[in-house]
Amino acid sequence: MELSPPPRIYVQQTLALVKPDVVHVADQIEDQILNSGFTILQKRKLQLSPEHCSDFYADQYGTPHFPSLTAFMSSGPVIAMVLARDDAVAHWNHLIGPANSVIAKKTHPDSLRAKYGTSELQNALHGSESLAAAVKEIRFMFPNTLIEPLPSRLEIKEYLNTYVNPTLLRGLTEVCKHKPFNPCIWLADWLLKNNPNEPKVEETE
């Protein structure tokens with residue numbers, strides 16, 4: 001029987017914006033975000049000025065909808081969130097659906113923009129288009145945030161193989177031998193008692 005390779009661990013961060021037209025249902029949207037496997041690392045509610053909106057959407061400057069976009073985004077408060085999970089950028093963009101909510105209702109009826117958006121302009125939510133854009137946009141909305149570089153997959157694998165897997169595999173083997181009623185609690189107790197990194201304290205008489 002061939003053993004399947006261990007799962008790869010790779011976490012990304014992306015920016016999500018709840019736009020002014022749906023701030024009143026932000027709690028519902030956050031529930032769907034969490035139920036889709038994301039972790040909300042940071043969140044803030046803020047009022048953007050037209051100047052802030054112009055800077056944030058600078059790549060769209062000169063397009064016909066740019067004045068309407070900046071006016072809409074500064075018309076009320078927005079909620080900015082930093083989301084994290086594996087392949088966060090792609091998963092978030094899939095969850096929110098196409099930018100035009102009218103199209104989303106036809107092609108991606110289960111997407112958040114189909115559910116909450118009403119037009120191409122008032123499309124409920126924003127998502128970073130790429131990992132590079134996510135880093136830039138997170139720094140814009142959370143200027144005091146330090147975005148640490150993510151460890152490479154090789155570094156993560158080496159860390160787990162060195163410090164975690166040997167002890168964890170021993171513990172799982174013991175679970176299989178003893179077959180306790182509550183295996184998770186039993187394993188947690190076993191790991192605490194057999195932690196190889198716990199400092200040794202010599203007892204004195």
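In the protein chain, 70% of the contacts with a separation of 6 or more are between residues 24 or more positions apart. The model you are looking at is predicted. Its protein chain has 205 residues, and 36% of them are buried.

**Overall layout**

- The protein chain contains 9 helices and 4 strands.
- Read from the N terminus, the order of the elements is β-α-β-α-α-β-α-α-α-β-α-α-α.

**The sheet**

- The 4 strands form an open sheet in the order E2-E3-E1-E4, and their pairing is antiparallel.
- At the edges are strand E2 (39-46) and strand E4 (125-127), each of which pairs on one side only.
- On average, neighbouring strands of this sheet are turned by 20 degrees against each other, direction ignored.
- E2 and E3 run antiparallel and are joined by 7 bridges; here threonine 39 has alanine 84 in E3 as its bridge partner.
- E1 and E3 are also antiparallel, with 7 bridges joining them, and threonine 14 stands opposite leucine 83 in E3.
- Strand E1 (residues 12-18) pairs with E4 over 3 bridges in the antiparallel sense, and valine 18 has leucine 125 in E4 as its bridge partner.

**Strand E3, seen from both sides**

- How many residues of E3 are buried? The count is 8 of its 8 residues, and E3 is mostly covered.
- Both faces of E3 are covered: Val78, Ala80, Val82 and Ala84 are buried on one side, and Ile79, Met81, Leu83 and Arg85 are buried on the other.

**Helix H3 and its buried side**

- In helix H3 (residues 66-73), the buried residues are Phe66, Leu69, Thr70, Phe72 and Met73.
- These residues cover an arc of only 160 degrees around the axis, so they lie on the same side of H3.
- The buried residues of H3 pack against E1, helix H2 (50-56) and strand E3 (78-85).

**Aromatic rings**

- The count of aromatic pairs comes to 4.
- One of them is the edge-to-face pair of phenylalanine 38 and tryptophan 92, with 6.0 Å centre to centre and 85 degrees between the planes.
- Phenylalanine 38 is in the loop between helix H1 (26-35) and E2, while tryptophan 92 is in helix H4 (residues 88-96), so this pair ties together parts that are 54 residues apart in sequence.
- Phenylalanine 38 and tryptophan 92 are both buried.
- The charged end of arginine 85 also sits over the ring of phenylalanine 38, 5.5 Å from its centre.
- Elsewhere, Phe56, Tyr57 and Phe140 are linked into a cluster by ring pairs.

**Histidine 126**

- Histidine 126 has its place in strand E4.
- Is histidine 126 buried or exposed? With a relative accessible area of 10%, histidine 126 is buried, because buried means under 20%.

**Proline 109**

- Proline 109 is found in the loop between helix H5 (101-107) and helix H6 (112-116).
- Its relative accessible area is 52%, and proline 109 is exposed.
- Not counting residues up to four places away in sequence, proline 109 touches Ala104 and Ala114.
- Proline 109 and glycine 97 are 12 residues apart in sequence and 8.6 Å apart in space, C-alpha to C-alpha.

**Two residues with positive phi**

- In general, most residues other than glycine have a negative phi.
- Aspartate 87 has a positive phi, near 50 degrees. Aspartate 87 lies in the loop between E3 and H4 and is partly exposed, with a relative accessible area of 37%.
- Alanine 124 also has a positive phi, of about 75 degrees. Alanine 124 lies in the loop between H6 and E4 and counts as buried, at 0% relative accessibility.

Terms used. Residues numbered from 1 in each chain as written. Predicted model: local features only at pLDDT ≥ 70, side-chain atom pairs only at ≥ 80, totals over all residues. Heavy atoms only, no water. Pairing = 2+ DSSP bridges. Axes fitted to C-alpha atoms, helices over the stretch in contact; angles between N-to-C directions. Phe/Tyr/Trp six-rings, centres within 6.5 Å; stacked < 30°, edge-to-face > 60°. Buried < 20%, exposed > 50% of the residue type's maximum accessible area, 1.4 Å probe, protein only. Lys NZ or Arg CZ within 6 Å of the ring centre and 35° of its normal. Arc of directions from axis to C-beta. Contact = heavy atoms within 4.5 Å.
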